[in-house]
Amino acid sequence: MKLFIKLLIIFFVLIFSIIIIFLFWASSGISGKKPLSGIKIFTENINDVIKKQPFTIMTYNCGYFSGMRNNIAVSSSKDFYIHNLDNFIKILREHPPEIICFQEIDFNSKRSHYINQMDYLSGYLKYKYGAYAVNWNKRYVPFPYWPPSAHFKKILSGQSVLSVFPIRKSNRIVLEMPKNPFYYNLFYLNRLIQTTEIKINNKIIIVMNIHLEAFDKKTREKQSAHVLKYYRKNFKNKFPVIILGDFNCVRPDAEKKNNFEDEPETDYYGEKTIELFLDEESLTSAMPYSKPDSNTFPSVNPDRKLDFIFFTKNKIEMIKSDILHVKSSDHLPLLMQFNLK
(Lines give C-alpha, C1' and ligand atoms only; values in the text may rest on other atoms or scores of the structure.)
Protein backbone atom coordinates (compact mmCIF):
# COMPACT_ATOMS: atom_id res chain seq x y z
CA MET A 1 0.00 0.00 0.00
CA LYS A 2 2.80 2.40 0.90
CA LEU A 3 4.51 1.62 -2.39
CA PHE A 4 1.28 2.33 -4.28
CA ILE A 5 0.84 5.72 -2.56
CA LYS A 6 4.48 6.57 -3.23
CA LEU A 7 4.11 5.68 -6.93
CA LEU A 8 0.87 7.69 -7.11
CA ILE A 9 2.59 10.75 -5.63
CA ILE A 10 5.50 10.37 -8.07
CA PHE A 11 3.01 10.07 -10.94
CA PHE A 12 1.16 13.27 -10.02
CA VAL A 13 4.39 15.18 -9.40
CA LEU A 14 5.62 14.05 -12.81
CA ILE A 15 2.37 15.11 -14.52
CA PHE A 16 2.44 18.47 -12.71
CA SER A 17 6.07 19.01 -13.71
CA ILE A 18 5.31 18.20 -17.35
CA ILE A 19 2.42 20.69 -17.35
CA ILE A 20 4.56 23.44 -15.83
CA ILE A 21 7.44 22.78 -18.26
CA PHE A 22 4.99 22.80 -21.19
CA LEU A 23 3.38 26.08 -20.06
CA PHE A 24 6.70 27.90 -19.85
CA TRP A 25 8.04 26.37 -23.07
CA ALA A 26 4.84 27.09 -25.02
CA SER A 27 4.59 30.68 -23.77
CA SER A 28 8.19 31.52 -24.58
CA GLY A 29 8.94 33.62 -27.65
CA ILE A 30 9.97 32.23 -31.03
CA SER A 31 11.55 35.34 -32.48
CA GLY A 32 14.92 34.69 -30.84
CA LYS A 33 17.22 37.69 -31.05
CA LYS A 34 15.10 39.39 -33.73
CA PRO A 35 13.64 42.74 -32.62
CA LEU A 36 9.95 42.89 -31.76
CA SER A 37 9.50 46.08 -33.77
CA GLY A 38 11.19 47.76 -36.70
CA ILE A 39 10.99 49.38 -40.11
CA LYS A 40 11.21 47.58 -43.45
CA ILE A 41 11.96 48.95 -46.92
CA PHE A 42 10.42 46.44 -49.29
CA THR A 43 12.03 47.60 -52.52
CA GLU A 44 14.63 50.11 -53.57
CA ASN A 45 13.13 50.18 -57.06
CA ILE A 46 10.23 52.41 -56.09
CA ASN A 47 11.16 56.06 -55.71
CA ASP A 48 9.72 58.10 -52.86
CA VAL A 49 6.55 59.79 -54.03
CA ILE A 50 5.39 63.37 -53.74
CA LYS A 51 1.61 63.28 -53.66
CA LYS A 52 -0.77 66.18 -53.55
CA GLN A 53 -3.43 66.43 -50.90
CA PRO A 54 -5.79 64.97 -49.90
CA PHE A 55 -4.33 61.77 -48.41
CA THR A 56 -6.13 58.65 -47.18
CA ILE A 57 -5.39 56.56 -44.10
CA MET A 58 -7.04 53.29 -43.13
CA THR A 59 -7.30 51.26 -39.93
CA TYR A 60 -8.14 47.58 -40.21
CA ASN A 61 -8.27 44.80 -37.67
CA CYS A 62 -7.67 42.19 -40.33
CA GLY A 63 -8.11 39.26 -37.91
CA TYR A 64 -5.16 37.49 -39.61
CA PHE A 65 -7.40 37.42 -42.72
CA SER A 66 -9.53 34.63 -41.28
CA GLY A 67 -12.87 36.19 -42.23
CA MET A 68 -15.66 35.30 -39.80
CA ARG A 69 -13.67 32.24 -38.66
CA ASN A 70 -11.55 34.39 -36.34
CA ASN A 71 -10.85 32.42 -33.13
CA ILE A 72 -13.26 29.62 -34.11
CA ALA A 73 -12.11 26.02 -33.76
CA VAL A 74 -12.03 25.23 -37.45
CA SER A 75 -9.08 24.48 -39.70
CA SER A 76 -8.68 26.58 -42.84
CA SER A 77 -6.49 25.89 -45.84
CA LYS A 78 -3.69 28.11 -47.08
CA ASP A 79 -5.85 28.88 -50.12
CA PHE A 80 -8.52 30.24 -47.79
CA TYR A 81 -6.10 32.85 -46.40
CA ILE A 82 -4.70 33.65 -49.84
CA HIS A 83 -8.27 34.20 -51.07
CA ASN A 84 -9.02 36.65 -48.25
CA LEU A 85 -5.76 38.51 -48.79
CA ASP A 86 -6.36 38.70 -52.54
CA ASN A 87 -9.94 39.87 -52.03
CA PHE A 88 -8.66 42.75 -49.90
CA ILE A 89 -6.00 43.57 -52.51
CA LYS A 90 -8.55 43.48 -55.32
CA ILE A 91 -10.76 46.06 -53.58
CA LEU A 92 -7.83 48.38 -52.77
CA ARG A 93 -5.80 48.02 -55.94
CA GLU A 94 -7.32 50.93 -57.87
CA HIS A 95 -7.24 53.46 -55.02
CA PRO A 96 -5.04 52.18 -52.17
CA PRO A 97 -4.71 54.45 -49.12
CA GLU A 98 -1.35 56.14 -48.71
CA ILE A 99 -1.17 54.66 -45.18
CA ILE A 100 -2.76 51.46 -43.82
CA CYS A 101 -2.62 50.44 -40.15
CA PHE A 102 -3.34 46.81 -39.31
CA GLN A 103 -4.14 45.01 -36.08
CA GLU A 104 -4.02 41.20 -35.69
CA ILE A 105 -1.79 40.69 -38.72
CA ASP A 106 0.33 37.54 -38.85
CA PHE A 107 4.05 37.62 -39.60
CA ASN A 108 4.92 33.94 -39.14
CA SER A 109 2.10 31.87 -37.63
CA LYS A 110 1.00 28.26 -37.97
CA ARG A 111 -2.70 29.26 -37.97
CA SER A 112 -2.29 31.23 -41.23
CA HIS A 113 0.17 28.78 -42.82
CA TYR A 114 3.26 30.94 -42.11
CA ILE A 115 2.34 33.65 -44.63
CA ASN A 116 3.97 36.96 -43.75
CA GLN A 117 0.82 38.93 -44.41
CA MET A 118 2.48 42.35 -44.23
CA ASP A 119 5.06 41.37 -46.85
CA TYR A 120 2.40 39.75 -49.04
CA LEU A 121 0.24 42.89 -49.06
CA SER A 122 3.15 45.25 -49.62
CA GLY A 123 4.24 43.30 -52.69
CA TYR A 124 0.88 43.40 -54.44
CA LEU A 125 -0.16 46.90 -53.35
CA LYS A 126 3.30 48.40 -54.04
CA TYR A 127 4.03 49.90 -50.63
CA LYS A 128 7.68 50.72 -50.18
CA TYR A 129 7.72 51.22 -46.40
CA GLY A 130 6.44 49.10 -43.56
CA ALA A 131 6.69 49.08 -39.79
CA TYR A 132 5.88 46.10 -37.58
CA ALA A 133 5.27 45.62 -33.87
CA VAL A 134 4.92 42.10 -32.46
CA ASN A 135 2.38 41.62 -29.69
CA TRP A 136 1.93 37.85 -29.75
CA ASN A 137 5.10 35.78 -29.80
CA LYS A 138 4.55 32.21 -28.56
CA ARG A 139 5.85 28.75 -29.39
CA TYR A 140 2.49 27.08 -28.86
CA VAL A 141 -0.88 28.72 -28.15
CA PRO A 142 -3.43 26.11 -26.93
CA PHE A 143 -6.41 28.05 -28.27
CA PRO A 144 -9.18 27.47 -29.34
CA TYR A 145 -9.24 25.06 -26.43
CA TRP A 146 -10.95 22.13 -28.14
CA PRO A 147 -10.21 20.15 -30.16
CA PRO A 148 -6.40 20.22 -29.84
CA SER A 149 -6.09 19.85 -33.60
CA ALA A 150 -7.48 23.41 -33.90
CA HIS A 151 -4.87 24.96 -31.60
CA PHE A 152 -3.12 28.01 -33.05
CA LYS A 153 0.26 26.54 -32.06
CA LYS A 154 3.19 28.75 -33.18
CA ILE A 155 2.24 32.47 -33.26
CA LEU A 156 4.14 35.53 -34.40
CA SER A 157 1.58 38.26 -34.87
CA GLY A 158 0.95 41.91 -34.12
CA GLN A 159 0.36 45.31 -35.67
CA SER A 160 1.81 46.92 -38.76
CA VAL A 161 1.79 50.06 -40.87
CA LEU A 162 2.21 50.17 -44.65
CA SER A 163 3.05 53.52 -46.22
CA VAL A 164 3.99 55.01 -49.57
CA PHE A 165 5.74 57.75 -47.59
CA PRO A 166 8.98 57.22 -45.63
CA ILE A 167 8.56 55.87 -42.11
CA ARG A 168 11.25 57.64 -40.12
CA LYS A 169 10.73 56.06 -36.68
CA SER A 170 8.72 53.22 -35.17
CA ASN A 171 8.19 52.52 -31.47
CA ARG A 172 6.45 49.70 -29.62
CA ILE A 173 4.86 50.55 -26.25
CA VAL A 174 3.35 47.67 -24.26
CA LEU A 175 0.19 48.48 -22.32
CA GLU A 176 -0.93 47.15 -18.95
CA MET A 177 -2.22 43.57 -18.66
CA PRO A 178 -5.48 42.65 -16.92
CA LYS A 179 -5.19 40.89 -13.59
CA ASN A 180 -5.74 37.37 -14.90
CA PRO A 181 -4.39 34.10 -13.44
CA PHE A 182 -0.70 33.70 -14.28
CA TYR A 183 -1.29 30.75 -16.63
CA TYR A 184 -3.70 32.89 -18.68
CA ASN A 185 -1.36 35.84 -18.90
CA LEU A 186 1.45 33.52 -20.00
CA PHE A 187 -0.39 33.39 -23.33
CA TYR A 188 -1.78 36.92 -23.24
CA LEU A 189 -1.88 38.88 -26.48
CA ASN A 190 -0.07 42.04 -25.41
CA ARG A 191 -1.88 45.28 -26.17
CA LEU A 192 0.29 47.91 -27.83
CA ILE A 193 0.72 51.44 -28.99
CA GLN A 194 2.61 51.23 -32.27
CA THR A 195 3.87 54.75 -32.91
CA THR A 196 5.23 55.67 -36.31
CA GLU A 197 6.74 58.94 -37.53
CA ILE A 198 5.93 59.36 -41.21
CA LYS A 199 7.31 62.06 -43.52
CA ILE A 200 4.58 63.19 -45.90
CA ASN A 201 6.30 65.36 -48.49
CA ASN A 202 8.04 67.91 -46.23
CA LYS A 203 5.89 67.42 -43.12
CA ILE A 204 6.07 64.96 -40.22
CA ILE A 205 2.92 63.20 -39.05
CA ILE A 206 2.59 60.87 -36.06
CA VAL A 207 0.40 57.79 -36.41
CA MET A 208 -0.48 55.90 -33.22
CA ASN A 209 -1.81 52.44 -34.11
CA ILE A 210 -3.50 50.87 -31.07
CA HIS A 211 -5.23 47.63 -30.14
CA LEU A 212 -6.89 47.73 -26.72
CA GLU A 213 -7.92 44.99 -24.28
CA ALA A 214 -10.98 43.04 -25.46
CA PHE A 215 -12.47 41.47 -22.33
CA ASP A 216 -11.72 43.56 -19.23
CA LYS A 217 -13.14 47.06 -19.34
CA LYS A 218 -11.21 48.39 -16.31
CA THR A 219 -7.94 47.44 -17.99
CA ARG A 220 -9.19 48.91 -21.25
CA GLU A 221 -9.92 52.23 -19.54
CA LYS A 222 -6.44 52.26 -17.97
CA GLN A 223 -4.87 51.50 -21.35
CA SER A 224 -6.82 54.35 -22.94
CA ALA A 225 -5.66 56.76 -20.24
CA HIS A 226 -2.07 55.65 -20.87
CA VAL A 227 -2.43 56.20 -24.64
CA LEU A 228 -3.64 59.74 -24.05
CA LYS A 229 -0.94 60.44 -21.47
CA TYR A 230 1.70 59.26 -23.96
CA TYR A 231 0.14 61.43 -26.67
CA ARG A 232 0.04 64.56 -24.49
CA LYS A 233 3.60 64.12 -23.26
CA ASN A 234 5.23 63.41 -26.63
CA PHE A 235 3.15 64.79 -29.49
CA LYS A 236 0.34 67.14 -28.52
CA ASN A 237 0.84 70.65 -29.98
CA LYS A 238 4.01 69.45 -31.75
CA PHE A 239 2.85 67.35 -34.70
CA PRO A 240 -0.24 66.38 -36.66
CA VAL A 241 -1.34 63.18 -34.89
CA ILE A 242 -3.73 60.39 -35.84
CA ILE A 243 -4.71 57.86 -33.15
CA LEU A 244 -6.51 54.91 -34.66
CA GLY A 245 -7.16 51.21 -34.33
CA ASP A 246 -9.34 48.64 -32.62
CA PHE A 247 -10.56 50.15 -29.34
CA ASN A 248 -12.68 47.08 -28.50
CA CYS A 249 -15.35 49.33 -27.06
CA VAL A 250 -18.43 51.30 -28.07
CA ARG A 251 -19.68 54.58 -26.65
CA PRO A 252 -22.17 54.20 -23.75
CA ASP A 253 -24.85 56.16 -25.62
CA ALA A 254 -24.44 53.80 -28.58
CA GLU A 255 -24.73 50.78 -26.26
CA LYS A 256 -28.29 51.75 -25.37
CA LYS A 257 -29.26 51.62 -29.05
CA ASN A 258 -27.95 48.09 -29.63
CA ASN A 259 -28.73 44.65 -28.31
CA PHE A 260 -25.60 43.03 -26.87
CA GLU A 261 -27.40 40.21 -25.05
CA ASP A 262 -25.33 37.76 -27.07
CA GLU A 263 -22.23 39.00 -25.20
CA PRO A 264 -23.24 39.25 -21.53
CA GLU A 265 -19.59 39.02 -20.45
CA THR A 266 -18.79 42.27 -22.25
CA ASP A 267 -20.44 45.13 -20.35
CA TYR A 268 -19.90 48.36 -22.25
CA TYR A 269 -22.43 50.34 -20.25
CA GLY A 270 -20.88 53.15 -18.24
CA GLU A 271 -17.42 52.57 -19.68
CA LYS A 272 -15.26 55.65 -20.25
CA THR A 273 -12.83 54.34 -22.87
CA ILE A 274 -14.20 56.24 -25.86
CA GLU A 275 -15.33 59.19 -23.76
CA LEU A 276 -11.71 59.75 -22.68
CA PHE A 277 -10.72 60.37 -26.28
CA LEU A 278 -13.80 62.46 -27.03
CA ASP A 279 -13.08 64.60 -23.96
CA GLU A 280 -9.54 65.40 -25.15
CA GLU A 281 -10.02 68.93 -26.50
CA SER A 282 -7.25 68.64 -29.11
CA LEU A 283 -8.77 65.53 -30.76
CA THR A 284 -11.88 64.83 -32.76
CA SER A 285 -13.41 61.67 -34.21
CA ALA A 286 -13.40 60.94 -37.92
CA MET A 287 -16.66 58.96 -37.82
CA PRO A 288 -19.44 60.47 -35.68
CA TYR A 289 -22.15 58.14 -34.44
CA SER A 290 -24.75 60.26 -36.16
CA LYS A 291 -23.45 59.03 -39.50
CA PRO A 292 -25.51 56.11 -40.88
CA ASP A 293 -23.79 52.75 -41.27
CA SER A 294 -20.82 53.64 -39.06
CA ASN A 295 -20.59 50.18 -37.45
CA THR A 296 -17.45 48.15 -38.05
CA PHE A 297 -18.15 44.83 -36.28
CA PRO A 298 -18.95 42.12 -37.18
CA SER A 299 -18.24 42.39 -40.88
CA VAL A 300 -21.45 40.50 -41.63
CA ASN A 301 -24.44 42.56 -40.46
CA PRO A 302 -22.36 44.92 -38.27
CA ASP A 303 -24.16 46.16 -35.16
CA ARG A 304 -21.44 48.06 -33.25
CA LYS A 305 -18.50 50.37 -33.79
CA LEU A 306 -15.23 49.10 -32.29
CA ASP A 307 -12.78 50.82 -34.65
CA PHE A 308 -12.01 54.54 -34.48
CA ILE A 309 -9.87 57.27 -35.95
CA PHE A 310 -9.11 60.35 -33.83
CA PHE A 311 -7.00 63.22 -35.11
CA THR A 312 -5.62 66.61 -34.03
CA LYS A 313 -8.17 69.05 -35.39
CA ASN A 314 -5.86 72.08 -35.32
CA LYS A 315 -3.34 70.43 -37.70
CA ILE A 316 -5.48 68.05 -39.76
CA GLU A 317 -8.56 68.76 -41.84
CA MET A 318 -10.82 65.79 -42.50
CA ILE A 319 -12.36 65.65 -45.98
CA LYS A 320 -14.48 62.56 -45.43
CA SER A 321 -14.58 59.21 -43.67
CA ASP A 322 -16.02 55.91 -44.79
CA ILE A 323 -16.39 52.21 -44.05
CA LEU A 324 -15.00 49.75 -46.58
CA HIS A 325 -17.17 46.66 -47.00
CA VAL A 326 -14.76 43.77 -47.40
CA LYS A 327 -15.30 40.39 -45.73
CA SER A 328 -11.66 39.33 -45.22
CA SER A 329 -11.93 39.76 -41.43
CA ASP A 330 -14.57 39.92 -38.71
CA HIS A 331 -14.02 43.72 -38.68
CA LEU A 332 -14.60 46.26 -41.44
CA PRO A 333 -11.88 48.79 -42.36
CA LEU A 334 -12.37 52.45 -41.51
CA LEU A 335 -10.89 55.15 -43.77
CA MET A 336 -10.31 58.87 -43.49
CA GLN A 337 -9.37 61.28 -46.27
CA PHE A 338 -7.58 64.35 -44.96
CA ASN A 339 -5.45 67.41 -45.62
CA LEU A 340 -2.56 68.60 -43.52
CA LYS A 341 -3.00 72.23 -42.49
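## Exercises: strands, a helix and ring pairs

**Exercise 1. Check whether the end-to-end distance of helix α5 agrees with its number of residues.**

Solution. Helix α5 covers residues 217–234. It has 18 residues, and at 1.5 Å a residue they should span 26 Å. The rule for the expected span is 1.5 Å times one less than the number of residues. The end C-alpha atoms of α5 are 26 Å apart, so the two values agree. Helices (H or I, at least four residues) and strands (E, at least two) are DSSP runs, numbered from the N terminus.

The model is predicted: local features need pLDDT of at least 70, side-chain atom pairs count only at pLDDT 80 or more, and totals for chains, interfaces and linings use all residues. Residues are numbered from 1 along each chain as its sequence is written, and side-chain values use heavy atoms, without hydrogens and water.

**Exercise 2. Work out how strand β8 is placed, and which strands pair with it.**

Solution. Start with burial. Buried means under 20% relative accessible area, exposed over 50%, partly exposed in between (1.4 Å probe, protein chains only). In β8 (residues 203–211), 7 of the 9 residues are buried, so the rest of the structure largely encloses this strand.

Next, find the partners. Two strands pair if DSSP finds at least two bridges between them. Strand β7 (residues 192–200) runs antiparallel to β8, with 8 bridges. I200 stands opposite K203. The two strands form a hairpin with 2 residues between them, and N201 in the turn has a positive phi of about 55°. Strand β9 (residues 241–246) pairs with β8 in the parallel sense, over 6 bridges. There, H211 has D246 as its bridge partner.

**Exercise 3. Classify the ring pairs Y120 with Y124 and F247 with F310.**

Solution. Rings of Phe, Tyr and Trp (its six-membered ring) pair if their centres lie within 6.5 Å; planes under 30 degrees apart count as stacked, over 60 as edge-to-face and the rest as tilted. The whole structure holds 23 aromatic pairs. Y120 and Y124 form one that is tilted: 4.9 Å centre to centre, with 40° between the planes. These residues are 4 apart in helix α3 (residues 117–125), so about one helical turn separates them. Y120 is buried at 16%, whereas Y124 is partly exposed at 44%.

Now take F247 and F310. Their ring centres are 5.6 Å apart and their planes meet at 65°, so the pair is edge-to-face. The pair links distant parts of the chain, 63 residues apart. F247 is buried, at 0% relative accessible area. F310 is buried too, at 0%.

Terms used:
Right-handed = clockwise from strand over helix to strand, strands pointing away.
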